[in-house]
Amino acid sequence: KNNPIFVASNSSKIRFVQSMLGDQFSNLSFYGLFGNKVDNIKNNFHLDAQNLIGQHKSAICIENSDEIGYIQGNFLFSLLSGTVPIIKASKYILKNILNPNCYIELHDYCSMSEKQKNIEIDKRSDFILNGNEVFTNLAKDYLEFIKHINLKDLNLSVVESQKFKTRIFEL
């Protein structure tokens, strides 16, 4: 589907997106507590939402906070679905976690013409669907670290994890 999807039940996020998009908000496929209901297919809201997001070319993805050190990661559902995230996130997420070829920043999206929106979404969609890397090397290294985390030495694991946090958030 060509209209972006927005899955949210957080009233602050919804008001923020409404204020950013204005009249264009009504063009979204809006799901959540105050919008359309996500069908319960797999008895798991997150998997059902991810499946629904995958039926769209783009998704509005708003992080809960821009606070340093915070990652909600709702853009992951979009990327895992092959859908372009139209994102509002901290500069650290955009710079140190995501490849800029895979997303559109929400404030940029809001200033584009409809034609430009379609061009940019198509370009990023092709990038994602052609199997290009959507994460930075730092993010890939962290994901690999998590796979092999040593729970027997939790203190060392926390120290190593904090080293990644320091690099990701440039602390």
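Visitor: How many salt bridges does a search of the whole structure find?
Guide: The model is predicted, so local features need pLDDT of at least 70 and side-chain atom pairs count only at pLDDT 80 or more, while totals for chains, interfaces and linings use all residues. Side-chain values use heavy atoms, with hydrogens and water left out, and residues are numbered from 1 along each chain as its sequence is written. A salt bridge is a side-chain nitrogen of Lys or Arg within 4 Å of a carboxyl oxygen of Asp or Glu. Searched across the whole structure, the salt bridges number 8.

Visitor: How far apart are the closest N and O atoms of Arg124 and Glu120?
Guide: Arg124 and Glu120 are 4 residues apart in helix α6, so about one helical turn separates them. Helices are DSSP runs of H or I, at least four residues, and strands are runs of E, at least two, numbered from the N terminus. Arg124 forms a salt bridge with Glu120, and the closest N and O atoms are apart by 2.4 Å.

Visitor: Is Arg124 buried or exposed?
Guide: Buried means under 20% relative accessible area, exposed over 50%, and partly exposed in between (1.4 Å probe, protein chains only). Glu120, the salt-bridge partner of Arg124, has 11% and is buried. Arg124 has 15% relative accessibility, so Arg124 counts as buried.

Visitor: What is the N to O distance between Lys147 and Glu144?
Guide: Both lie in helix α7, 3 residues apart, about one turn of the helix. Lys147 is exposed at 63%, and Glu144 is partly exposed at 37%. Their side chains meet in a salt bridge, N to O, at 3.4 Å.

Visitor: Which residues have the most contacts inside the largest nonpolar core?
Guide: In soluble globular proteins, nonpolar side chains tend to be buried together. A nonpolar core is a set of buried Ala, Val, Leu, Ile, Met, Phe, Trp, Tyr and Cys residues joined through side-chain atoms within 4.5 Å. The largest one has 45 residues, and those with the most contacts inside it are Phe6 and Leu98.

Visitor: Which strand gives the most to this core?
Guide: Residues 58–62 form the strand in question. The contribution is 4 residues, and the strand is β3.

Visitor: Where is Val134?
Guide: Val134 has 11% relative accessibility and therefore counts as buried. Contact means heavy atoms within 4.5 Å; leaving aside neighbours within four places in sequence, Val134 is in contact with Leu79, Ile97, Leu98, Asn99, Cys102 and Ile128. Its place is in the loop between α6 (114–129) and α7 (137–147).

Visitor: What accessible area does the nonpolar patch of Ile149, Leu151, Leu154 and Val158 have together?
Guide: Leu151, in the loop between α7 and α8 (154–168), is exposed at 64%. Patches take residues with over 30% relative accessible area and no salt bridge, joining like charges within 9 Å and nonpolar side chains (Val, Leu, Ile, Met, Phe, Trp, Tyr) within 5 Å. Accessible areas come from the Shrake-Rupley method with a 1.4 Å probe, and for residues only the protein chains shown count as cover. Together, the four named residues have about 370 Å².
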